[in-house]
Amino acid sequence: MSIAPTTPPYSASWKWWGSGLLLLATMINYMDRQTLANLSVRITDEFGLSQEQYGDIELVFGWGFAIGSLTFGILADRINVRALYPVVLLGWSAVGFATGLSRGHGSLLACRAILGFFEAGHWPCALRTTQATLSASDRLMGNSVLQSGASLGAIFTPLVIRAIVGGNTAPGVWRLPFLIVGAAGAVWVIAWLALVRRGDLKMDGQTTGDDSARKSAWWTGLAGDRRFWALVIMVVCINSVWQLIRAWLPKFLQQGRGYDEATMLYFNSAYYVATDVGCLLAGALGLWLARHGFQAHRARLVVFGLCSILAALTTVAAALPRGWPLLGVLLIIGAGTLGLFPCYYSFTQEMGRQHVGKATGLLATIAWVASAPLQKFFGRLVDQTGSFDLGLAVIGWAPCVALGAMLLLWRHGEAQNAETA
């Protein structure tokens, strides 16, 4: 499943500038996504929606993301991402803008489903880029930079919303942030086309329409590869905990612990500062371990294990009342849950260079199909119990399950063989 190593033909400054541009794309991606979560109490109150109906909105986003992951994963292996990436980004930006024009539950459902479809294209395009431009030893750090854009987007979103709507509680005032955030994508596209030249990201072995036999052999081999099934369990687990906290944290703070909207928005920004720090520290720790004698795979396992322990602190958070201890534990949880993702991306890239788009797209599809219904079930549980605590207490243990699967299914010898991929 792996091929001989290649040295990316890019200067150090160019490849890290490219990583910075990917960070900005992730930031825009999350600003479009998180605008709804930060305004969820206003929107559900104005439209008269139950918690389960809000869960339905997050569910269809997940289904759209699942379809888009496989679609764009395949396209990223067939089309140079220099051309594909701008189409994807403009697509989700336009739908984010349209969300601000929604008139009810039905139009929100449609907008979120289409938003999820286009946002899914970001990840195979971005991972194609980091794999093409970064060496194996640099990828964990490069993927940490890429993933940290999620935190930056989530940090800025509540601050932008607060600056726009302030304390204004008039009906419909929540629409303007969607329009402003949705219009931001065009600037990134200009920067991308200026930095990346035609042919820059054409990797050796990128698939074409003439290699059906080789592609068929890859799919067959993937199904029999224990590493793939370890990654399936991993991505379902880490995606579930991250997406549930992302979607429900504002409601947990406002409706579950009684914080006002302004405090929620400022803390939500601080929470994603913590996730960004955790993501970058995960990458830095992996890089440090690799440079001090650890094999790259083993370094990633150590980092993933530490982050899994931090994520499991949701059980502690669910038992804490309103106050600084609760907020402090939530910050630690945020650092751990995002730190899981650069490890996962680096594990995925060990599967081989030629088909990383399809591999990540397929894994993301499975993750979203499996985890999206949990949004509806979480909302139903809140409606039935009148509390967010039980669901929060349980979800943080999912990454520990993923770690166990990784240790069981990904054998040491296979990890050694994958080091040069």
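Biologist: How many disulfides does the count come to?

Modeller: The model is a predicted one. A disulfide requires a pair of cysteine sulfur atoms within 2.5 Å. By this rule the count of disulfides comes to zero.

Biologist: Which cysteine sulfur is nearest to that of Cys 279, and how far away is it?

Modeller: Cys 279 is buried, its relative accessible area being 0%. Cys 279 takes part in no disulfide. The nearest cysteine sulfur is that of Cys 307, at 8.8 Å.

Biologist: Is Cys 400 buried, partly exposed or exposed?

Modeller: Cys 400 is likewise in no disulfide, and the nearest cysteine sulfur, that of Cys 237, lies 9.5 Å away. Buried means under 20% relative accessible area and exposed means over 50%. With a relative accessibility of 28%, Cys 400 therefore counts as partly exposed.

Biologist: How are H11 and H18 oriented to each other, roughly parallel or roughly antiparallel?

Modeller: The axes of helix H11 (residues 226-256) and helix H18 (residues 398-409) come within 8 Å and cross at roughly 170°. Angles over 145 degrees count as roughly antiparallel. H11 and H18 are therefore roughly antiparallel.

Biologist: How far apart are the end C-alpha atoms of helix H13, and what span should its residues give?

Modeller: Helix H13 (residues 296-311) has 16 residues, which at 1.5 Å a residue should span 22 Å. Its buried residues include His 297, Arg 300, Phe 304 and Cys 307.

Biologist: Leaving aside its neighbours within four places in sequence, which residues is Gly 278 in contact with?

Modeller: Gly 278 is found in helix H12 (residues 261-290) and, at 10% relative accessibility, counts as buried. Its C-alpha is 8.3 Å from that of Ile 332, a residue 54 places away in sequence. Sequence neighbours within four places aside, the contacts of Gly 278 are Ala 335 and Gly 339.

Biologist: What percentage of the residues in the protein chain is buried?

Modeller: The secondary structure of the chain comes to 19 helices and zero strands. Of the chain's 421 residues, the buried ones make up 61%.

Conventions
Residues are numbered from 1 along each chain as its sequence is written. This is a predicted model: local features need pLDDT of at least 70, side-chain atom pairs count only at pLDDT 80 or more; totals for chains, interfaces and linings use all residues. Side-chain values use heavy atoms; hydrogens and water are left out. Axes are lines fitted to C-alpha atoms, for helices over the stretch in contact, and angles run from 0 to 180 degrees between N-to-C directions. Helices (H or I, at least four residues) and strands (E, at least two) are DSSP runs, numbered from the N terminus. Angles under 35 degrees count as roughly parallel, over 145 as roughly antiparallel, 65 to 115 as roughly perpendicular and the rest as oblique. Buried means under 20% relative accessible area, exposed over 50%, partly exposed in between (1.4 Å probe, protein chains only). The expected span of a helix is 1.5 Å times one less than its number of residues. Contact means heavy atoms within 4.5 Å.
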